[in-house]
Amino acid sequence: MKIKKIETGPIMTNAYVISDENNKGLIIDPVYPKGKIEAYIENEGISISKILLTHTHYDHVLGLEYFRNKYGAKVYASEDAKDIYNNPTYTLTNFVGNVKIIIDEFLKDGDIIEDFGLLCLKTPGHTIDSMSYVLDDNIFCGDLLFRLSVGRSDFPGGNHNILINSIKEKIMPYKDPTKIYTGHGMSTTVGYERVNNPFL
């Protein structure tokens, strides 16, 4: 599997494009339409079939409708998004106007995205619907955890204690070399955060 990090959007949010040896791929967090994400997909000739959301905050879904329509991709998110993804109080979309969030399938903790082999882990705390995805020795955690920091928990639906528990119970059990792909900023590893992150 090939992983491409693309930082874009109004507050520099990380999107990830994952593709296999046959150029079949998916997007994790379509953070902005057109631009860098589209250019990479088109240049590499990747066929996008799925879009996965780590959570439904506006900066992670600004390109959702565009890419869903362009590629005919199915959108996946945590089942805990059901009651909040159309509520601008929780998605913070009231900051940016009309953002259409469409979810085709809802995921449970422990579900597997079969054709790509991704394990889905509920990791609430930053939001109610936060979900992380594990691919081999890589974890895509959205805004749950950052290098030497953790996600904010002061937005509606956030809870600091739940966030820390999610990190300790769902992320820290992985081996030290496991790479953590974050929703903003630099990537890190489980081992580095285990030793250095002051919040843990």
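Which strands does helix H2 (residues 64–71) lie across? The points below work towards that helix from the sheet, then turn to a histidine in a loop.

1. The model is predicted. In it, 6 strands form an open sheet, and their order across the sheet is E1-E2-E3-E4-E5-E6. The pairing is mixed. Strand E1 (2–8) and strand E6 (105–107) are the edge strands, each pairing on one side only. On average, neighbouring strands of this sheet are turned by 25° against each other, direction ignored.

2. E1 and strand E2 (residues 13–19) run antiparallel and are joined by 7 bridges. To find this pairing in the structure, look for Thr 8, which stands opposite Thr 13 in E2.

3. Helix H1 (residues 35–44) packs on the sheet. The strands that H1 touches are E1, E2, strand E3 (24–28) and strand E4 (47–52). The direction of H1 makes about 150° with that of E1.

4. Now the opening question. Helix H2 lies across E3, E4 and strand E5 (74–78). Relative to E4, H2 runs at about 145°. Just after H2 comes Gly 72, with a positive phi of about 65°.

5. Which residues of H2 are buried? They are Leu 64, Phe 67 and Tyr 71. Seen down the axis of H2, the buried residues fall within an arc of 80°, so they line one face of the helix.

6. The last item is His 126, in the loop between strand E8 (118–122) and strand E9 (131–135). Is His 126 buried or exposed? Its relative accessible area is 3%. Buried means under 20%, so His 126 counts as buried.

7. What does His 126 touch? Leaving out residues up to four places away in sequence, the list is His 55, His 57, Asp 143, Gly 151, Arg 152, Phe 155, Gly 158 and Leu 163. Two of these contacts can be described further. The side chains of His 126 and Asp 143 are joined by a polar contact of 3.5 Å. With Arg 152, the backbone is involved: its oxygen lies 2.7 Å from a polar atom of the His 126 side chain.

Conventions:
Residues are numbered from 1 along each chain as its sequence is written. This is a predicted model: local features need pLDDT of at least 70, side-chain atom pairs count only at pLDDT 80 or more; totals for chains, interfaces and linings use all residues. Side-chain values use heavy atoms; hydrogens and water are left out. Two strands pair if DSSP finds at least two bridges between them. Helices (H or I, at least four residues) and strands (E, at least two) are DSSP runs, numbered from the N terminus. Axes are lines fitted to C-alpha atoms, for helices over the stretch in contact, and angles run from 0 to 180 degrees between N-to-C directions. Contact means heavy atoms within 4.5 Å. Buried means under 20% relative accessible area, exposed over 50%, partly exposed in between (1.4 Å probe, protein chains only). The arc is that of the directions from the helix axis to the C-beta atoms. A polar contact is a pair of N or O atoms within 3.5 Å; within protein, one must be able to donate a hydrogen and the other to accept it, and residues adjacent in sequence count only if both atoms are side-chain atoms.
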